[in-house]
Amino acid sequence: MHKVQYRIETYFEKLPFIIIALNEKNKVVHWNAMAENFFGVSKDEVLGQSLANLMSKMGWKEIMGISANDYLQDRCNLQKEIRYNRPDGSTGFMDFKVIDFLDLPDPDERMVLLVGSDITEFKIMQGQLAQAQKLEAIGQLAAGIAHEINTPAQYVSDNLHFLQDSFAPIKNTIDFLVDNFMAHKDKLPQDLIDKMNQVLEENDVEFFLEEIPKALEQSLEGISRIAKIVLSMKQFAHPGTEDKVYVDLNKAIENACEVTRNAWKYVADMETDLDPDLPQVLCFPAEINQVLLNMIVNAADAIKEKLGESVSGQERGLIKITTRALKNRIQIQITDTGCGIPEEIRDRIFEPFFTTKEVGKGTGQGLAIAHSIIVDKHNGSINVQSEPGQGTTFIIELPVKG
């Protein structure tokens with residue numbers, strides 16, 4: 001073997017990357033051991049062959065565009081990120097870059113290198129970071145909105161209570177005047193009686209005396225609802241902590257239901273069966289909130305998919321959340337009456353980037369992150385039971401003491 005070529009091949013074998021070397025005619029002149037393992041094709045089978053033909057036969061058409069010819073024409077730094085299926089069935093990502101050695105003086109050393117590195121773990125961490133940043137941004141927005149709403153809601157509430165309290169003496173005064181008028185009207189001039197009857201009739205005093213208290217009561221119920229939503233937003237948006245703290249998961253579930261209401265209120269009813277004796281759990285509250293949010297939104301999406309685009313008042317699904325205290329652990333069950341999960345993909349739902357949703361509607365990160373948070377960060381478990389067309393139940397268990 002030529003000394004230069006031997007030296008180059010020695011270097012290539014020591015590098016922790018897939019290395020494919022192409023000469024100026026776009027023929028493969030080197031194919032290292034990592035390339036053999038990744039593509040499942042030996043060096044002897046590919047040396048001297050066209051990369052484009054090889055990739056076409058092997059089903060890697062995405063790499064065909066990276067070639068010495070293309071590089072010579074464009075003289076640009078080519079890079080491609082390629083999605084592939086790993087041997088275990090999960091999704092992986094490979095990043096290929098082009099390195100130019102075509103201007104070297106020695107013809108034996110002139111080549112274009114395709115350097116490939118597996119970036120799957122980086123993509124997973126990138127996705128988790130993006131989700132965390134998204135949740136943090138939502139939390140900050142929610143906290144800001146809650147703060148801005150809280151002040152006007154408070155003085156509206158105070159004024160409504162004032163009006164409600166003030167109406168009683170006003171009503172009593174009007175009732176007293178009307179009752180006395182009716183009792184003594186025979187002693188009054190007829191024109192005054194006629195005028196009084198006219199005023200009572202034109203202003204519909206009886207109607208307002210009956211309806212104003214109802215309107216005030218309904219308004220106070222509405223402002224109380226606003227106050228509850230604001231409180232839930234503030235608690236849900238509580239910033240993450242570096243250390244685990246004890247959390248009331250029943251309250252966290254109630255807050256998550258409130259915050260996600262817009263995702264499910266048009267398609268499903270929400271039912272909770274929360275154990276009043278549930279112990280507080282040592283956990284990262286912001287991350288548990290993220291899991292609850294993802295689970296509830298997924299349940300709503302599953303029900304939407306089952307019901308279709310048009311949802312009548314009679315066609316509604318159900319999301320039910322149950323908590324139970326176990327020995328040294330707590331259990332959360334989130335059940336929906338959605339479309340269910342086919343058995344053939346049930347084992348893959350917690351894989352990063354695996355999704356059955358349309359492009360643009362799902363990243364495949366929600367359940368993967370939930371699994372990571374529950375299993376890896378909290379030493380818990382998350383399992384699924386599902387029947388296609390009937391619904392799905394996710395069962396989460398967490399150790400009470402973390």
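Colleague: Which residues make the nonpolar surface patch of about 260 Å²?

Modeller: First, this is a predicted model, where local features need pLDDT of at least 70, side-chain atom pairs count only at pLDDT 80 or more, and totals for chains, interfaces and linings use all residues. Residues are numbered from 1 along each chain as its sequence is written, and side-chain values use heavy atoms, leaving out hydrogens and water. The patch is made by Phe207, Phe208 and Ile212.

Colleague: Is Ile212 buried, partly exposed or exposed?

Modeller: Ile212 sits in helix 8, residues 205-236 (a DSSP run of H or I, at least four residues). Buried means under 20% relative accessible area, exposed over 50%, and partly exposed in between. Ile212 has 31%, so it is partly exposed.

Colleague: Which side chain joins Thr393 in a polar contact of 2.9 Å?

Modeller: Thr393 belongs to strand 12, residues 391-399 (a DSSP run of E, at least two residues). Thr393 is buried because its relative accessibility is 13%. A polar contact pairs N or O atoms within 3.5 Å, one able to donate a hydrogen and the other to accept it. The partner side chain is that of Thr335.

Colleague: How many disulfides does the structure hold?

Modeller: A disulfide is a pair of cysteine sulfur atoms within 2.5 Å. Cys283 is buried at 0%, and Cys339 is partly exposed at 22%. The number of disulfides is zero.

Technical notes. Buried < 20%, exposed > 50% of the residue type's maximum accessible area, 1.4 Å probe, protein only. Patch = residues over 30% accessible without salt bridge, like charges linked within 9 Å, V, L, I, M, F, W, Y side chains within 5 Å. Areas by Shrake-Rupley, 256 points an atom, 1.4 Å probe, with all protein chains shown as cover. Salt bridge = Lys/Arg side-chain N within 4 Å of Asp/Glu carboxyl O.
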